[in-house]
Amino acid sequence: MDDTLLLLTSAAVALIVGLAAGWAVQSATVRRKLTREQGFFGLPEGSECVLVTHRDSSSAHWSIPRHDALALLGLAAVIENCGAHPEVAPHDTGLQGFGARTEFCVGDPTAHRRLAAHLANLLPGVAVHPGDESGAGRGTFTIGGSAYRMEPGAVEYVLLARLTAGEGGDRPVFLAAGQRPVTHRAAVRHLVRNRARLARKHGTDGQFCLLLKVVNSQAYGPDVVELVADVTKAALTAAEPKGHRAAA
């Protein structure tokens, strides 16, 4: 009887120890994952971030276009998980320079002032066509000598970028710069779903600029997204003037 009781007690103790060890390993894994995510997004516990978006031009009051609002909701879950505090600001409100807090800038660079400024200053190798008088060609991206023109509802492009000012302590700015609102939502989805892979590939403090293609949004909305290319090098490098290239 004593041997049986001793065996049962030993088994119970081993089970408890095993459960405790498993819980400790799982907790450590979750903490490491959260720490990597906080580092990638620049969102340590208790930090602040800003989400900059369009005003809806069809509304008399300040409101956010539907797809942009849904994109911000996708980011909200990440921000909450990191323990950070978000602020939503319209693109045409005077904001401080970037680096002090993480920024998510979402919209159409032909109409979004702050996004256009970020592209001009941080991605000098990207040109965005404003369109002619009829609006033709509006939003066409030119990167590294290649042009990416949308076919509304069929093929549309969006840039997804993580950028810094080059200072070690700066918070990053994330850009989702697209040709139509549905592409902004698609880019944010890609960022959220692939954040662990992007952090492994580019590092938790690295820069990247990806060109994504949204396919048949008329039928599938933001769900079908293809990676066209990693255009980081071309986008970060100022394009040479045409005259200079011709002379060369």
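Select strand 9 (residues 208–215) to begin: six of its eight residues are buried, so the strand is largely enclosed by the rest of the structure. Here a residue is called buried when its relative accessible area is under 20%, exposed when it is over 50%, and partly exposed in between, as found with a 1.4 Å probe and protein chains only. Strands are DSSP runs of E with at least two residues, helices are runs of H or I with at least four, and both are numbered from the N terminus. The model is predicted: local features need pLDDT of at least 70 and side-chain atom pairs count only at pLDDT 80 or more, while totals for chains, interfaces and linings use all residues. Residues are numbered from 1 along each chain as its sequence is written, and side-chain values use heavy atoms, with hydrogens and water left out.

**The neighbours of strand 9**

Strands 7 and 9 run antiparallel and are joined by eight bridges; two strands are said to pair if DSSP finds at least two bridges between them. To see one of these positions, select A161 and, opposite to it in strand 9, C209. C209 is itself buried, with a relative accessibility of 0%.

Select L212 together with its bridge partner in strand 10, L227.

Display the side chain of E156 together with that of S217: the two make a polar contact of 2.8 Å. A polar contact is a pair of N or O atoms within 3.5 Å; within protein, one must be able to donate a hydrogen and the other to accept it, and residues adjacent in sequence count only if both atoms are side-chain atoms. A polar atom of the E156 side chain also lies 2.7 Å from the backbone nitrogen of G153.

**Strand 3**

Select strand 3 (residues 102–107): six of its six residues are buried, so this strand is largely enclosed by the rest of the structure. In a regular strand the side chains alternate between the two faces of the sheet. Colour T102, F104 and V106 on one side, then E103, C105 and G107 on the other; both faces of strand 3 are covered.

Which strands pair with strand 3? Strand 1 (residues 48–53) pairs with strand 3 in the parallel sense over four bridges, and C49 has T102 as its bridge partner there. Strand 8 (residues 173–178) also runs parallel to strand 3, joined by five bridges. In that pairing, E103 stands opposite V173.

Within strand 3, select F104, which counts as buried at 2% relative accessibility. Apart from residues up to four places away in sequence, F104 touches F41, L43, C49, V50, L51, V52, L75, I79 and F174. Computed along the chain, V188 is 84 residues from F104, yet their C-alpha atoms are 9.6 Å apart in space.F104 is also among the residues with the most contacts inside the largest nonpolar core, which has 29 residues. A nonpolar core is a set of buried Ala, Val, Leu, Ile, Met, Phe, Trp, Tyr and Cys residues joined through side-chain atoms within 4.5 Å. Helix 2 (residues 66–82) gives the most to this core, with six residues. Another core, of 24 residues, lies apart from it and includes A89, L115, L122 and F141.

**Helix 2 and the cysteines**

In helix 2, select E80. E80 is exposed, because its relative accessible area is 63%. Then select C82, which is buried at 0% relative accessibility. The closest cysteine sulfur to that of C82 belongs to C49, 8.9 Å away, which is too far for a bond. In the whole structure a search finds zero disulfides, a disulfide being a pair of cysteine sulfur atoms within 2.5 Å.

**The whole chain**

Finally, show the complete chain, with its eight helices and ten strands. Of its 248 residues, 41% count as buried.

Methods
Contact = heavy atoms within 4.5 Å.
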